[in-house]
Amino acid sequence: MRPRAIASAAACALTLLLAAPGPASAAEGEFSYTYVDANGANQFGYLNNPVSKECIVIPQAADPEKTKPAFAANNRASTKATTWSETNCTGNRYSVKAKTGVGNARQKFRSVRFS
């Protein structure tokens, strides 16, 4: 092969490599919260090493017609958590600091996103 063709092929390969999406990153640690179960009792839920920059719907609070929102967020993950009052990270939002953040018990949420 000619040197120009080799350089062109290498440049194309490098461009493809850099353009490919990388693996999803995760916030290291645990995010916990309280939710009310079907019997009306408080239970604890956990997200371990949650994916960053994606909206995560709290499974126990996903259906506004059948479940109450989660509350009392406790963020021990490595990045800030933003809780949202509605699913799909919409509605009112509240930030919970990384590693030591404790959310207000009155702050209700159905989804969360980690930065």
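This short talk covers a sheet, a nonpolar core and a disulfide.

The model is predicted: local features need pLDDT of at least 70, side-chain atom pairs count only at pLDDT 80 or more, and totals for chains, interfaces and linings use all residues. Residues are numbered from 1 along each chain as its sequence is written, and side-chain values use heavy atoms, without hydrogens and water.

The sheet comes first. It is open, with four strands in the order β2-β1-β4-β7, and the pairing is antiparallel. Strands here are DSSP runs of E, at least two residues, numbered from the N terminus. Two strands pair if DSSP finds at least two bridges between them. Two antiparallel bridges link β4 (residues 71–75) with β7. Asn75 has Gly101 of β7 as its bridge partner.

Now the core. A nonpolar core is a set of buried Ala, Val, Leu, Ile, Met, Phe, Trp, Tyr and Cys residues joined through side-chain atoms within 4.5 Å. Buried means under 20% relative accessible area, exposed over 50%, partly exposed in between (1.4 Å probe, protein chains only). The largest core has 16 residues, and Phe31 is among those touching the most other members. Strand β1 (30–36) gives the largest share, three residues.

Last, the disulfide. There is one, and the term means a pair of cysteine sulfur atoms within 2.5 Å. It joins Cys55 to Cys89, S to S 2.3 Å. What does this pair tie together? Cys55 lies in the loop between β2 and β3, and Cys89 in the loop between β5 and β6, so the pair ties parts 34 residues apart in sequence. Cys55 is partly exposed at 29%; Cys89 is buried at 9%.
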